[in-house]
Amino acid sequence: MKLPLDGAIDCDAHLSVPNVAALLPFMSEYWRDQIVNRYIDRSGFNLMSYPSRSPFTVRDDWRAGQDTDGLDVLRRNLLEPFRLSTAICHTLHGSIALFNEDMGAEFCKAVNSWVARERLDREPRLRASILVHAQNPALAVEEIERCAQDPRFVAVLLPVMGESPLGRRLYWPIYEACERHGLSLAVHAGSTYRHAPTGSGWTSFQSEDYVLQSSAFENLIVSFLAEGVFQKFQDLKLVCMESGFTWLPTLIWRSSKTWRGVRTEVPWLDRVPSEIIRERIRLTLQPVDAPRDPKILNRILEQIGCDDMLLFSTDYPHSHFDGEDVLPDGLSEELIRKIAIANPLAAFPRLASAHAGQKSRETVQ
Amino acid sequence: MTRHVIARADDIVPGSSRIVTVAGREIGVFNVGGDFYALANRCPHAGAALCEGFISGLVGADGPNQYRLERKGEFIRCPYHGWEFDIRTGQSWCDPKSMKVRQFSITVAPGETLVKGPYVAETFAVQVEENYVVLDL
Amino acid sequence: MNAPLREQKAAQRLMIVDCDIHPIQRSAKDLYPFLSKHWQEHLETFGGHVRQGLIEQTMWPRMMAAGQRADAYPAQGGPPGSDFELMKRQHLDVNGVEFGMLVALSKGGMEERNPDLARALSSAVNDWQLEAWVKRDARLKAGIVVTGEDPEHAVAEIEKRAGDPSFAQVILSPRSSEPLGRRRYWPIFAAAERAGLPVGLHPAAIPGGSASSGAGWPTYYMQEHHTFVTGSQATAVSLVMEGVFEQFPKLRIAMIEAGFSWAPALGWRMDRIWERMRKETPHLKRPPSEYMREHFWFATQPMEEPENPQDILQVFDWIGWDRIMFSTDYPHWDFDDPRQAIRVRLTDEQREKIFRANAKALYRLP
């Protein structure tokens with residue numbers, strides 16, 4: 001069904017940088033020299049998780065003009081038809097998969113600057129996440145400090161599968177910076193393929209990998225629980241993006257049961273996981289990985305047992321629904337309102353601080 | 001209520017335990033720092049022989065990598081799923097409100113109060129000069 | 001200590017098929033009668049060579065008593081599961097085991113890197129199951145432990161044992177070097193299908209060569225425990241999406257010790273994604289969840305414990321009441337007691353299906 005209200009907040013929409021040339025103005029001379037002379041600018045930077053022409057990465061009727069006049073296309077396809085007040089945009093630029101940490105950090109900086117100049121400055125309904133190269137947490141923190149000055153950045157963006165499970169202490173400087181600035185942690189589907197996507201090795205198909213993103217999110221949550229991230233960072237908000245959610249009940253049941261037997265291994269995990277999951281984790285709506293039968297969807301929501309967890313999203317321009325039928329059938333009007341507005345506002349505290357329609361004085365250059 | 005003499009007090013030293021069968025029930029008898037406690041040998045989670053588990057302390061942490069072991073000897077960990085129970089109260093540490101192992105009333109009585117009866121002592125004669133662990137069922 | 005009462009009580013009305021029992025050798029010497037002198041010497045010098053950093057320890061140490069029931073350690077020594085008399089006394093007899101399906105995965109499967117030793121161990125473990133277990137107790141049924149990474153030998157071993165009613169299934173670990181739906185494993189499925197044997201998938205303790213999650217290696221056992229679920233999910237997806245069930249329409253899969261409540265959500269998720277991306281997998285003629293519904297059986301251990309116990313009935317509905325098979329995982333620490341594990345009221349018919357009839361149908365037990 002269509003959104004029955006105006007002013008929804010889309011928590012997961014995607015921007016793409018048209019080409020490397022667009023990033024060069026935001027890079028140092030040294031990097032411009034490297035990128036041009038090594039022909040790095042002659043190829044794209046798409047993540048293997050999202051080949052640009054796959055039927056899933058861009059919905060057919062949203063395809064036109066994606067690469068060049070992206071902002072007008074965004075308004076025409078997303079902001080206007082869905083009558084959004086806000087769209088939080090995530091730019092999953094492939095440079096996060098580079099091994100050279102300095103190059104990766106420079107690209108991230110350029111992407112964030114491009115987003116601020118070419119999108120946030122030009123369209124007041126947009127907000128964004130800060131792209132960082134997680135493998136060097138110190139450099140990532142520098143970039144977070146830089147972008148945090150701009151209130152239109154509301155989150156820090158990481159792919160769910162990188163080099164190590166994200167709960168690990170080596171990443172904690174990133175979470176400390178997030179907490180300090182009120183930035184939510186947006187962990188998004190996708191992999192840099194440092195590892196085979198599964199514990200049984202390399203899969204054959206893109207669609208297979210896409211299905212198994214949910215397994216990655218299960219492991220992400222167990223990592224955060226076991227490592228004590230939620231205890232260490234009491235104010236940190238974890239938002240799972242493009243994760244699906246029908247796998248949640250099993251995870252809640254299983255982790256709570258296991259906890260009772262492994263508690264002495266991880267004694268800082270001082271509450272039953274079901275409580276922590278419901279309080280501290282949020283998930284975006286798309287893809288709705290449930291059958292279309294509203295009875296089944298509502299049973300799953302009952303099993304999840306918490307109305308605060310789902311956040312409205314279109315996952316534009318990925319293809320999950322037809323036309324404007326972004327909502328699954330069977331949700332109550334009250335729940336729709338929560339999902340569309342109240343839950344996103346709670347999940348991204350910085351949304352409240354920059355008013356829509358105004359450009360803040362301190363913006364990222 | 002019947003009184004059952006199950007052991008000489010000296011035979012169950014602090015830190016140790018014994019499982020006895022009394023009136024058809026298996027009961028774990030624990031000496032925690034000189035105080036005696038009696039728990040059903042049946043974990044309320046899934047019926048395991050709880051009292052055959054591991055006696056240990058309470059593990060805690062203020063944060064990652066800050067481990068503490070306190071209240072040594074006061075907890076038993078079920079030998080099946082590892083759930084932790086406070087020997088003194090029978091309560092599950094993780095689920096104190098809804099998960100509790102059955103406790104029994106247990107005292108130490110001097111032999112001279114027992115020789116008068118009535119009591120049941122399955123395995124030995126009560127001596128006046130000894131102290132005995134007594135279960136009330 | 002008095003002998004526990006439970007060892008003395010016979011199981012009166014309870015009769016079950018236990019779909020997951022783990023026998024284990026007391027030491028490698030138990031396999032010597034089934035190994036040549038060459039391999040005996042090899043084991044005594046070089047030992048096994050598996051895909052992990054430590055020899056004697058698992059890299060994620062288990063919780064209670066090395067992950068075993070503390071009361072299952074034999075008095076005379078040896079690991080839990082190595083003493084037939086103890087297993088009989090404390091489990092088979094008191095828990096009404098009518099049939100017990102053996103999963104002997106500690107050796108002889110996919111873990112050994114030396115290809116010739118792997119072949120020798122596989123054959124030896126299958127001989128050992130017969131001599132040390134099945135011949136001692138007609139209730140026990142062996143599973144053919146095969147060298148999954150060496151499909152040629154796996155096929156030979158299946159063909160050697162097929163037709164012997166002592167063997168009820170083929171055993172593979174989902175912690176393989178490639179996802180099990182990949183074509184290099186298809187000869188094994190062909191042989192199992194020809195022999196009319198289900199394939200039982202049970203995660204081995206030792207990883208298969210890849211990090212146990214797509215984001216890398218877990219730190220804590222709490223996480224490693226969950227990768228048994230996600231690894232099994234990946235295997236189920238691989239089998240379905242590679243078209244294994246189009247190729248082998250009579251193949252039946254038992255997921256053992258993987259959990260089960262995740263199966264409906266995974267089926268729905270595959271369906272929704274297949275809707276949009278099906279051009280990538282033209283060999284699939286039907287929605288993925290239909291293949292799951294038709295070809296998968298699930299053992300119950302470790303039983304889920306939802307906050308609302310009635311939710312488990314909903315999960316059974318979604319999976320199919322004919323697909324759920326009770327298991328204990330004796331002698332591991334998270335053993336499910338047949339009298340306790342299911343916390344909701346079942347009808348007699350439902351109880352009979354879960355505790356006996358479904359397993360009897362799958363494994364063709366009398």
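What share of the contacts in chain B with a separation of 6 or more comes from residues 24 or more positions apart? In this predicted model, such residues account for 48% of those contacts, and the legends below begin with the chain in question.

**View 1. Chain B, its elements and its extent.** Chain B contains one helix and 10 strands, and, read from the N terminus, its elements follow the order β-β-β-β-β-β-β-β-α-β-β. Taken along the principal axes, the box that the C-alpha atoms of chain B fill is roughly 55 × 25 × 20 Å. Of the 137 residues in chain B, 36% count as buried.

**View 2. The contact of chain C with chain A.** Chain C brings 60 residues to this contact, while chain A brings 57 residues. On the side of chain C that touches chain A, the elements giving two or more residues are helix 7 (221-241), helix 9 (263-277) and helix 11 (311-319) of chain C. Helix 7 of chain C provides the largest share of that side, with 15 residues. By residue kind, the side of chain C that touches chain A divides into 23 nonpolar, 23 polar and 14 charged residues.

**View 3. A:Ser43 in its loop.** A:Ser43 lies in the loop that runs between helix 1 (29-37) and helix 2 (70-79) of chain A. A:Ser43 counts as exposed because it has 10 C-beta neighbours inside 10 Å, and the cut-off for an exposed residue is 12 or fewer.

**View 4. A:Ser43 and A:Ile276.** These two residues stand 233 residues apart along the chain, and their C-alpha atoms are separated by 43 Å.

Notes. Residues are numbered from 1 along each chain as its sequence is written. Chains are lettered from A and ligands numbered from 1 in the order in which they are written. This is a predicted model: local features need pLDDT of at least 70, side-chain atom pairs count only at pLDDT 80 or more; totals for chains, interfaces and linings use all residues. Helices (H or I, at least four residues) and strands (E, at least two) are DSSP runs, numbered from the N terminus. A residue is buried if 20 or more other C-beta atoms lie within 10 Å of its own, exposed if 12 or fewer, and partly exposed in between; C-beta atoms are placed from the backbone. Two residues are in contact if their C-beta atoms, placed from the backbone, lie within 7 Å. Ala, Val, Leu, Ile, Met, Phe, Trp, Tyr, Cys and Pro count as nonpolar, Asp, Glu, Lys and Arg as charged, and the others, Gly among them, as polar.
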